[in-house]
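This report describes one protein structure for a reader who has not seen it before.

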Amino acid sequence: MQNQEEYSEQLYTEDELLLQVKAAIAAGGMPEVSIAPGYGRLLTMLVTLSRSANLLEIGALGGYSGICLCRGLAQEGRLTSLELKADYAELAQSHLEQAGFGDRVEYRIGPALDSLKLLEAQGHRYDFFFIDADKENYPNYLEYAIRLATPGAIIAGDNIFLRGRTLNTEKNGPAVQAMRRFNEMIAGDPRLTSTLLPAYDGLALAMVK
């Protein structure tokens with residue numbers, strides 16, 4: 001019997017460019033943890049609907065989510081992408097160029113918390129945030145996102161269920177504990193209006209008041 005995600009994905013023609021991105025990620029021995037196709041489409045829709053012009057992505061990997069985000073941008077919009085590893089950012093940049101967005105994205109290499117601290121000091125503000133990086137820092141990334149947000153900005157966080165570990169009371173490693181805290185923060189922070197989407201590996205969505 002099909003599950004809901006399989007049924008959903010069968011309704012859509014697979015995206016050739018995004019399939020190439022996933023193949024390049026696999027060929028390069030990188031973690032195959034790009035956002036699920038259904039949530040990639042959702043990112044494009046949300047950027048379009050919110051008319052976001054300045055996007056901040058925490059975790060570039062091979063550029064899959066970056067392409068999805070940029071597809072929703074108006075002509076003058078830009079994406080800033082934070083990536084720990086220079087080779088990952090280089091691959092992502094090549095894929096964004098292939099997608100026609102090479103001049104719309106800026107990569108900042110190094111620990112994301114260092115980049116976020118600098119962006120805050122420089123006075124940058126963003127309309128849309130996508131968090132998909134090291135899970136132990138999700139609570140810190142959320143706090144920075146709220147501080148760097150324009151009013152009404154959207155925050156999306158991927159993999160909130162950690163393939164079931166978040167829900168398993170016998171799992172209590174650092175990443176699991178951090179994700180539980182992140183989910184609790186998203187749900188309870190008075191500065192946010194939020195919801196959690198349970199499909200795939202879970203996606204947290206919030207709007208900054």
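R71 counts as partly exposed, because its relative accessibility is 35%. The structure is a predicted model. R71 is found in the loop between helix 4 and strand 2, the latter spanning residues 78–83. Leaving out residues up to four places away in sequence, R71 touches D15, L17, L18, T44 and F101.

Along the chain, R71 and A89 are 18 residues apart, and their C-alpha atoms are separated by 18 Å. A89 lies in helix 5. Is A89 buried or exposed? With a relative accessible area of 5%, A89 is buried. Its contacts, leaving aside neighbours within four places in sequence, are L61, E83, Y107 and I109.

**Helix packing**

Two packed helices are described by the angle between their axes and the distance between the axes. Helix 5, which holds A89, packs with helix 2 at an angle of about 160°, and the axes are 11 Å apart. Helix 2 and helix 5 are therefore roughly antiparallel to each other, and their crossing is right-handed. On the helix 2 side the contact is made by L17, Q20, V21, A24 and I25, and on the helix 5 side by L91, H95 and Q98. Five of the residues in this contact are nonpolar, three are polar and none is charged. L17, listed in this contact, is also one of the residues that R71 touches.

A second pair is formed by helix 6 and helix 7, whose axes come within 11 Å and cross at roughly 15°. Helix 6 is therefore roughly parallel to helix 7. The crossing of this pair is left-handed. Helix 6 contributes A112, L113, L116, K117, L119 and E120 to the contact, while helix 7 contributes N140, Y141, Y144, R147 and L148. These residues divide into seven nonpolar, one polar and three charged.

How much of helix 7 is buried? Eight of its eleven residues are, so the helix is mostly covered. The buried residues are Y138, P139, Y141, L142, Y144, A145, I146 and L148. Among the elements that cover them are helix 6, strand 1 (54–58), strand 4, strand 5, strand 6 (192–197) and helix 8.

**Nonpolar cores**

Which residues touch the most other members of the largest nonpolar core? They are L69 and F128, in a core of 34 residues. At least two residues of this core come from each of helix 2, helix 3 (37–50), helix 4 (64–70), helix 5, strand 3 (105–109), strand 4 (126–131), strand 5 (149–158) and strand 7 (203–208). Not counting residues up to four places away in sequence, L69 touches L43, V47, L55, E57, L79, F128 and F130. Another core, of 33 residues, lies apart from the largest one and includes L116, Y126, I146 and I160. L116 also takes part in the contact of helix 6 with helix 7, and I146 is one of the buried residues of helix 7.

**The loop between strand 5 and helix 8**

Helix 8 spans residues 174–188, and E170 lies in the loop between strand 5 and this helix.

| Residue | Relative accessible area | Class |
|---|---|---|
| N159 | 14% | buried |
| R163 | 73% | exposed |
| E170 | 70% | exposed |

Most residues other than glycine have a negative phi. N159, which is not a glycine, has a positive phi of about 65°. R163, also a residue other than glycine, has a positive phi near 55°.

E170 and A26 are 144 residues apart in sequence, and their C-alpha atoms are 31 Å apart in space.

Conventions
Residues are numbered from 1 along each chain as its sequence is written. This is a predicted model: local features need pLDDT of at least 70, side-chain atom pairs count only at pLDDT 80 or more; totals for chains, interfaces and linings use all residues. Side-chain values use heavy atoms; hydrogens and water are left out. Axes are lines fitted to C-alpha atoms, for helices over the stretch in contact, and angles run from 0 to 180 degrees between N-to-C directions. Helices (H or I, at least four residues) and strands (E, at least two) are DSSP runs, numbered from the N terminus. Angles under 35 degrees count as roughly parallel, over 145 as roughly antiparallel, 65 to 115 as roughly perpendicular and the rest as oblique. A crossing is left-handed if the near helix is turned anticlockwise from the far one by less than a right angle, and right-handed if clockwise. Contact means heavy atoms within 4.5 Å. Ala, Val, Leu, Ile, Met, Phe, Trp, Tyr, Cys and Pro count as nonpolar, Asp, Glu, Lys and Arg as charged, and the others, Gly among them, as polar. A nonpolar core is a set of buried Ala, Val, Leu, Ile, Met, Phe, Trp, Tyr and Cys residues joined through side-chain atoms within 4.5 Å. Buried means under 20% relative accessible area, exposed over 50%, partly exposed in between (1.4 Å probe, protein chains only).
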